[in-house]
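Here is a friendly set of notes to read with the model open beside you.

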Amino acid sequence: MNYLLIETSASICSVALSIDGRIVSSYRNDEPMQHATVLPRFVEQALAEMRKYGADIDVVAVSGGPGSYTGLRIGVSTAKGLCYATGAKLVQVSTLRLIALRFVNEHPELADDATIRPMIDARRMEVFTQSFCVDGKPDTDAEAMVITTESFKDTAGTLYICGSGAAKCEEILNNANIHIVGDVTPIADNQMLVLAQEAVDDGRFEDVAYYEPFYLKEFYTTAKPITQ
């Protein structure tokens, strides 16, 4: 089965092409928030690469959030367009779980009873977060959390905090069991492929017409409505 992976939930935009369970090409732009500019080019390059293999896209996998509202909209709308054009199936993967899996993959020394807390910056002292076991399975629901000195105060086991929101914890959390390990960026890579394949195996396909990203919070704008 062949997958096109799209990740636009964070500041970095990335795309990867997987054929028969192997990543054969990947595209990444580290310049922040250039998704609308670079994503169409990445997709075009990936499709050209797929034609070289004489293959077709079976599944388009998109990082479904939470994350940047604008980034998610760009990624999901692109994924839907590809599905309409090619007849591919659509699946989504959890951005928080993708971050957790990337962290675990980069730290094989983690104890089996450790807890992973990916955090996505949600402005001010708020983060989007969720708790995961080392095997990548969630043990809480995703939530929007305001970080205070009381956060995770009663943590007994070893807790690793990672992701774009982790820096908010460095100066206000004082617990020897908590390790702030810095930013881990969600990327279209082998970990995303694992989650996409899992969704396919479980039959968790999204409705191309009605699927919406998981924003976790309502989107607010300070723009004033136009009046006649």
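1. A definition first, for the pocket discussed next: a pocket is an open set of grid points with protein on both sides within 12 Å along at least five of seven lines, and its lining residues have an atom within 4 Å of a point. Please keep in mind that this is a predicted model.

2. With that in hand, look at the second largest pocket, which has a volume of about 180 Å³. Its lining is made up of 18 residues, and Gly65, Gln92, Val93, Ser94 and Arg204 are the closest to the pocket centre. Which element gives the largest share of this lining? That is α4, with three residues. At least two lining residues each come from β5 (89-93), α3 and α4 (190-201). Sorted by class, the lining of this pocket holds nine nonpolar, five polar and four charged residues.

3. The peptide bond that runs from Gly65 to Pro66 is cis, and its omega is near 5°. Most peptide bonds are trans. Pro66 itself sits in the loop that joins β4 (59-63) to α2 (69-86).

4. Next, the aromatic rings. How many aromatic pairs are there, counting ring centres within 6.5 Å? The count is three. One of them is formed by Phe103 and Tyr160, a tilted pair with 5.7 Å from centre to centre and 45° between the planes. Because Phe103 belongs to helix α3 (residues 95-106) and Tyr160 to strand β10 (residues 159-162), the pair ties together parts that are 57 residues apart in sequence. Phe103 and Tyr160 are both buried.

5. Helix α3 also holds Arg102. Is Arg102 buried or exposed? Its relative accessibility is 14%, so Arg102 counts as buried, the cut-off for buried being under 20%. Setting aside neighbours within four places in sequence, Arg102 is in contact with Val184, Thr185, Pro186, Ile187, Asp189 and Gln191.

6. There is a charge over a ring to inspect as well. Lys89 lies over the face of Phe205, and the distance to the ring centre is 5.8 Å.

7. Most residues other than glycine have a negative phi. Met33, however, has a positive phi, near 55°, and Leu216 has a positive phi near 75°. Met33 is found in the loop between β3 (22-29) and α1 (35-52), while Leu216 is placed in the segment after α4. Met33 has a relative accessible area of 43% and is therefore partly exposed. Leu216, at 26% relative accessibility, is likewise classed as partly exposed.

8. Finally, a loop residue. Where is Glu171 located? Glu171 is in the loop between β10 and β11 (178-180). With a relative accessible area of 81%, Glu171 is exposed, the cut-off for exposed being over 50%. Its C-alpha atom is 9.1 Å from that of Thr149, and Glu171 and Thr149 are 22 residues apart along the chain.

Note on methods:
Residues numbered from 1 in each chain as written. Predicted model: local features only at pLDDT ≥ 70, side-chain atom pairs only at ≥ 80, totals over all residues. Heavy atoms only, no water. Phe/Tyr/Trp six-rings, centres within 6.5 Å; stacked < 30°, edge-to-face > 60°. Helix = DSSP H or I, 4+ residues; strand = E, 2+ residues; numbered from the N terminus. Buried < 20%, exposed > 50% of the residue type's maximum accessible area, 1.4 Å probe, protein only. Lys NZ or Arg CZ within 6 Å of the ring centre and 35° of its normal. Contact = heavy atoms within 4.5 Å. 1 Å grid on protein atoms, 1.4 Å probe; cavity = no way out; pocket = protein on both sides within 12 Å on 5 of 7 lines; lining within 4 Å. Points joined across faces, edges and corners; volume = space filled by probe spheres on them. Nonpolar A, V, L, I, M, F, W, Y, C, P; charged D, E, K, R; others polar.
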